[in-house]
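Please look at the sequence and the model below, and then follow the paragraphs step by step.

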Amino acid sequence: MGIKVLLAAILIWEITRGLGFNVYADNVVRIELKRQSLDLNNIRGARIYVKGLRGSNRNSVSSDEQIVYIKNYRDVQYFAEIGIGSPPQHFTVVFDTGSSNLWVPSSRCFFSIACYLRSTYKSRLSNTYTKNGNSCKIPFGTGSVHGFFSQDDTKIGSAVIKQQVFTEVTKEGYFTFLSARFDGVLGLGFQGADSKNVTPVWNNMVLQKIVSKSIFSFWLNRDPTSRMAGEILFGGMDWTHFRGLHTYVPVSKNGYWEIEIGDLFIGNNSTGFCKDGCSAIVDTGTAFIAGPTTILTQINHAIGAEGVVSSHCKTIVHDYGRTLWERLLSGLHPDNVCHGICSNNETLGVSHEPRMRMRNSKSQRLEKDILCNVCEMVAFWIQVEIRKERSKDLAFQYVNQLCEKLPNPGGRSYINCDVFSLPHITFTIGNKSFPLSPDQYVIRVDDHQGVHCLSGFTALNVHPQRPLWVLGDAFLRAYHTVFDFDNLQIGFAESA
């Protein structure tokens, strides 16, 4: 009798699951994600660009300054299909929380080779097309894609958004977009300055009452052999995709799904870098986790990632290490010990050490900025060693080792594929620990030369006064994520 009851319960559970009762909300729209394998060429070409809206002067950036966050999508791995027009014309797009625009190639894109290699929108074939015609450009990599606005019905999953404004792209970057494995981008970010007052797709889903709850959830399947690579649910969440409860944190900046995170740990050791808080953009449109070089170098050292030896870094340690050590021991804050290099005074203020003579040429200003960034990193590393009560010689030996692990600017770091001995890397979010195991932050790439393993972390430098992280797919595979538009918060729970 007991076995019959158990079998009946299992049958009922399977039936209700098939009917969608595992979904927390009514009127949800499911989007099944597809996965494409990463390749080394696209990984090497992937870039993230961040700049302040009020200029690039390093001394003018404040924690309240609005940033512009741009990428070239070379490392995207997850896609889904949408339809635009009646009957629907199908496009493979990236669902991207790091932007807000919907754009696809236009049939009027005549002079970009990339447009001939992918699906293009043909307004003449749609019964629901409405002409708009206003020109626009969308930031893309180091430049922009150009086109004009149009309106048409847009099909996402089972839902149809009426008269969605989108961009027909007529000019794309020649080489940047040639290798792209998608047609366009569907932004899930906030309506911002770059959207030209166009209501994003997600906002229209809410306004047109296609969903009853102003949330969407994002889940990536950790099983690489599964047919289903992941799923986005607009208007709800599926409890079979996560374990336990979500930890919610407020969105800290308008314009992006940006939150504040706390200290980061390598194994059980605090790095101390974000103990007073760092900003982090939660981005479904990039494969890696990006962060400040200061911390990325420590992570590289801990996991054995091979970076690029920096002569600038070792020069700072050799020429200025003693002065940095003494100033930090005297209680001076790391942000201030490099004032001589970072300002027009050009030295650290001691006559027996070499002067950095910087003229006003562009190349020398760039050289000065590089030295300033390196000096600030070295000062932070030395301070960490002082707190550990290490001797000066041992501290400088360790800092020189870190210099050799500096990430390749704009590139990726290779590591040994034997990951079992590597430490966990733990983020602190909402005063709760979110650890990543080695198999979660190591990216494996198969090609004709064999299996390559890369660190899932890449360098991103905005400004020392405003360290910024980007939590991409390497983090989101480990944690089911809820984007709560009504309450302006993001929730994380262990992915199932």
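**Disulfides and a helix**

Cysteine 417 is partly exposed, with a relative accessible area of 27%, where buried means under 20% relative accessible area, exposed over 50%, and partly exposed in between (1.4 Å probe, protein chains only). This is a predicted model, in which local features need pLDDT of at least 70 and side-chain atom pairs count only at pLDDT 80 or more, while totals for chains, interfaces and linings use all residues. Residues are numbered from 1 along each chain as its sequence is written, and side-chain values use heavy atoms, with hydrogens and water left out.

A disulfide, that is, a pair of cysteine sulfur atoms within 2.5 Å, joins cysteine 417 to cysteine 453, with 2.1 Å from S to S. The torsion about the S-S bond of this pair is about 115 degrees, so the disulfide is right-handed. Cysteine 453, at 2% relative accessibility, counts as buried.

The structure holds 5 disulfides, and another of them links cysteine 338 and cysteine 375, whose sulfur atoms lie 2.0 Å apart. Here the torsion about the S-S bond is about -85 degrees, so this disulfide is left-handed. Cysteine 338 is buried, with a relative accessible area of 1%, and cysteine 375 is buried as well, at 0%.

Turn now to helix α4, which covers residues 293–303; helices (H or I, at least four residues) and strands (E, at least two) are DSSP runs, numbered from the N terminus. Of the 11 residues of α4, 9 are buried, so the helix is largely enclosed by the rest of the structure. Among the buried residues are Ile295, Leu296 and Ile299. After α4 comes glycine 304, whose phi is positive, near 75 degrees.

Note on methods: Contact means heavy atoms within 4.5 Å. Axes are lines fitted to C-alpha atoms, for helices over the stretch in contact, and angles run from 0 to 180 degrees between N-to-C directions.
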